[in-house]
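Reader: Hi! Could you walk me through this structure?
Author: Happy to, here it is.

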Amino acid sequence: SAGPALLFVKSGQGKEEGRRFYACSACRDRRDCNFFQWEDEKVSETRLAAREEYNRTHRPSLTHRQNAERYKNFILLPLSKRRFCQECQQLLLPAEWENHSGHQFLCDISAAQLKTPSQLLYPLENKKTNAQYLFADRTCQFLLDLIIDLGFRRVLSVGTPRLHEMIQSKASQQEDFRVRSLLLDIDFRYSQFYTEDEFCHYNMFNHYFFGGEAARETCRKFLHQGNGERVIMVTDPPFGGLVAALASSFKKLMAMWKETEKEGHNQEMPVFWIFPYFFESRILEFFPTFSMMDYQVDYDNHALYKHGKTGRRQSPVRIFTNLTPSMIVLPVEEGYRFCTICQRYVSSGNQHCEICNSCTSKDGRRWKHCVLCKKCVKPSWFHCTKCNCCALEQHSCEKMDGGCFVCGKAGHKRSTCPRLSCS
């Protein structure tokens with residue numbers, strides 16, 4: 001079970017009202033979780049019982065506390081007896097070897113491997129459920145350096161296991177390292193490596209703490225800024241996730257932070273939301289105080305999102321933040337420069353447009369100004385008189401029946417929506 005379901009609407013044709021239904025908040029593919037229920041549907045006792053039984057059999061066999069106890073026993077073992085079952089994705093104690101006799105093992109698990117579980121575990125790459133793409137080392141190091149330079153000492157790591165483990169690892173190795181992290185993640189496998197004070201099993205699509213009130217309290221305590229230890233939330237959600245659902249959860253985490261604050265009530269909890277640039281208008285709809293940085297975020301295990309590529313091959317992933325843009329210093333050696341007019345760091349290809357009075361490029365290429373659209377557009381786009389906006393030369397001008405996914409109006413696709421100024 002992923003916690004409470006979300007309410008969706010199945011669009012009707014034309015003016016017809018859509019029918020509302022509940023579906024799993026975490027899995028957007030029916031094959032991963034077949035939960036479906038019309039909002040106005042009466043559910044029989046038999047179906048309720050079957051659902052409860054399904055949820056019971058799909059829960060983890062061990063609790064977080066049991067996993068934490070097992071870890072204590074595991075690290076006491078000599079290296080030759082430390083095994084990890086790759087098929088079950090589980091640390092094994094010698095008494096359990098026999099039960100996994102036909103499975104693939106990793107042997108001699110070192111202390112260094114235990115400190116980097118994201119490299120030990122298989123990434124869950126189902127795009128519609130987990131999409132566990134892990135930060136490249138340079139991105140992780142950049143984020144951590146930036147967080148330290150900005151004076152933050154606590155990091156709420158929501159779906160960012162690589163950043164969390166980098167902080168944990170440095171804290172255990174360097175006595176003077178003062179930064180602490182709490183990981184909130186839907187991947188329960190991390191409970192094998194972290195205590196209940198370091199990891200909470202959490203669904204960011206419905207703000208659900210699987211550990212109940214105790215886990216919620218752990219999070220609340222962590223957000224309390226004792227001794228002037230400032231908190232920042234860093235989150236890297238699956239890119240297929242609904243922005244509205246994510247925004248709702250993040251607002252609840254921000255409200256939790258505000259509850260713990262005695263002063264500065266007009267302030268928001270500082271946030272780095274890492275997401276593709278083409279969601280800019282959606283994110284700003286929910287968080288008007290946010291702005292998008294030009295820094296390109298890279299991933300180790302994503303074929304496309306790698307640093308150093310050019311044109312369409314550059315990573316489209318950016319940092320959205322409510323911090324003052326001029327405070328976010330981007331590395332000059334990676335091709336970023338400071339624009340004195342915009343008062344922010346931009347990529348070197350991002351030229352300041354005097355008509356828009358802004359550095360307008362979103363994807364690292366130099367954009368061009370369209371007088372008719374009254375804005376800058378991608379260099380490969382041209383103004384289409386039929387659509388009355390800029391689009392790719394080979395685009396289709398046909399009227400779309402269902403309407404645009406972004407604004408709901410007919411006559412154009414999502415990719416040419418006037419509201420998506422960044423697409």
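Author: What follows is a chat about helices, sheets, salt bridges and a few backbone angles.

Reader: Great. What kind of model is it, and what ground rules apply?
Author: This is a predicted model, where local features need pLDDT of at least 70, side-chain atom pairs count only at pLDDT 80 or more, and totals for chains, interfaces and linings use all residues. Residues are numbered from 1 along each chain as its sequence is written, and side-chain values use heavy atoms, with hydrogens and water left out.

Reader: Is α6 mostly covered or mostly open?
Author: Mostly covered: ten of the 13 residues in α6 are buried. Buried means under 20% relative accessible area, exposed means over 50%, and partly exposed is in between (1.4 Å probe, protein chains only). Among the buried residues of α6 are Pro 161, Leu 163, Met 166 and Ile 167.

Reader: And what covers them?
Author: The cover includes helices α3 (111–115), α4 (117–120) and α5 (137–149), along with strands β7 (152–158), β8 (180–185) and β11 (230–235).

Reader: Switching to charges. How many salt bridges are there?
Author: The structure holds 16 salt bridges. A salt bridge here is a side-chain nitrogen of Lys or Arg within 4 Å of a carboxyl oxygen of Asp or Glu.

Reader: Which residue pairs with Arg 138?
Author: Arg 138 bridges to Glu 334, with the closest N and O atoms 2.4 Å apart. That pair links distant parts of the chain, 196 residues apart: Arg 138 is in helix α5, and Glu 334 is in the loop between β14 (317–321) and β15 (336–339). Arg 138 has 23% relative accessibility and therefore counts as partly exposed, and Glu 334 is partly exposed at 27%.

Reader: Where do Arg 162 and Glu 165 lie?
Author: Both lie in helix α6, three residues apart, which is about one turn of the helix.

Reader: What about Glu 285 and Arg 282?
Author: Those two form a salt bridge with the closest N and O atoms 3.1 Å apart. They sit three residues apart in helix α9 (residues 280–286), so about one helical turn separates them. Glu 285 is partly exposed at 41% relative accessibility, and Arg 282 is partly exposed at 26%. Elsewhere, salt bridges that share partners join Glu 213, Glu 217, Arg 220 and Glu 259 into one network.

Reader: Now the sheets. What is the strand order in the open sheet of eight strands?
Author: The order is β10-β9-β8-β7-β11-β12-β14-β13, with mixed pairing. Strands β10 (208–209) and β13 (291–292) stand at the edges with a single partner strand each, so one side of each is left without a neighbour in the sheet. Two strands pair if DSSP finds at least two bridges between them.

Reader: How do β11 and β12 run?
Author: Strand β12 (residues 271–276) runs parallel to β11, and three bridges join them. In β12, Val 271 is the bridge partner of Met 233. Helix α8 packs on this sheet, touching β7, β8, β9 (199–203), β10, β11 and β12, and its direction makes about 170 degrees with that of β12. Contact means heavy atoms within 4.5 Å. Axes are lines fitted to C-alpha atoms, for helices over the stretch in contact, and angles run from 0 to 180 degrees between N-to-C directions.

Reader: Which residues of α8 are buried?
Author: They include Val 243, Phe 250, Leu 253 and Trp 257. Helix α8 (residues 243–260) has 18 residues and reaches 26 Å from its first C-alpha to its last, close to the 26 Å expected.

Reader: Last one: what is phi at Asn 388?
Author: Phi of Asn 388 is positive, about 60 degrees, although the residue is not a glycine. Asn 388 is in the loop between β21 (381–384) and β22 (389–392), and counts as exposed at 59% relative accessibility.

Definitions and conventions
Helices (H or I, at least four residues) and strands (E, at least two) are DSSP runs, numbered from the N terminus. The expected span of a helix is 1.5 Å times one less than its number of residues.
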